[in-house]
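User: Could you walk me through this structure, step by step?

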Amino acid sequence: MSTAQPQVPDVSIEDRLYTVKYRDAGESHLGVANPDVCTDCTTNECAKVCPAAVWTVEEDGDGVPHIAYENCLECGTCRFGCPHDNVTWEYPKTGGGVVFKQG
Ligand code: SF4
Ligand code: SF4
């Protein structure tokens, strides 16, 4: 049996994300159920758990996240990361969203 280790390219996550292709569905498939809950939220887990930096909360804003849905990888993490169950999530409209490829 071979003991060779897989070769991992020395490429940053930012560089990898730069190569991801998306098709803009024209409207967000992500949202918040109740913006007031976000205003009262002090921990902003949505912004912390997203691997693609889709969610951002401005320090001097109203606390409601900006959602750059066009960059979503459809991993689903934000749905479970919000401790207030305040994330609404559905797949992008047919033909939209991230484009996965093999290889
Ligand atoms: S979506 Fe959830 S974690 Fe994010 S700001 Fe709103 S309540 Fe907080
Ligand atoms: S599904 Fe994943 S990539 Fe998309 S916004 Fe949620 S955490 Fe970010």
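Here are a few questions with their answers.

Analyst: Welcome! This is a predicted model, where local features need pLDDT of at least 70, side-chain atom pairs count only at pLDDT 80 or more, and totals for chains, interfaces and linings use all residues. Residues are numbered from 1 along each chain as its sequence is written, chains are lettered from A and ligands numbered from 1 in the order in which they are written, and side-chain values use heavy atoms, leaving out hydrogens and water.

User: Which residue forms a salt bridge with Glu 27?

Analyst: A salt bridge is a side-chain nitrogen of Lys or Arg within 4 Å of a carboxyl oxygen of Asp or Glu, and a search of the whole structure finds one. Its closest N and O atoms are 3.2 Å apart, and the partner of Glu 27 is Lys 93.

User: How many residues apart in sequence are the parts that this pair ties together?

Analyst: Glu 27 lies in the loop between strand S1 (21–23) and strand S2 (30–32), and Lys 93 in the loop between strand S5 (87–89) and strand S6 (97–99). Strands here are DSSP runs of E, at least two residues, numbered from the N terminus. The pair therefore ties together parts whose separation in sequence is 66 residues.

User: What is the phi of Glu 74?

Analyst: Most residues other than glycine have a negative phi. Glu 74 is in the loop between strand S4 (66–67) and helix H4 (77–81), a helix being a DSSP run of H or I, at least four residues. Although Glu 74 is not a glycine, its phi is positive, at about 60°.
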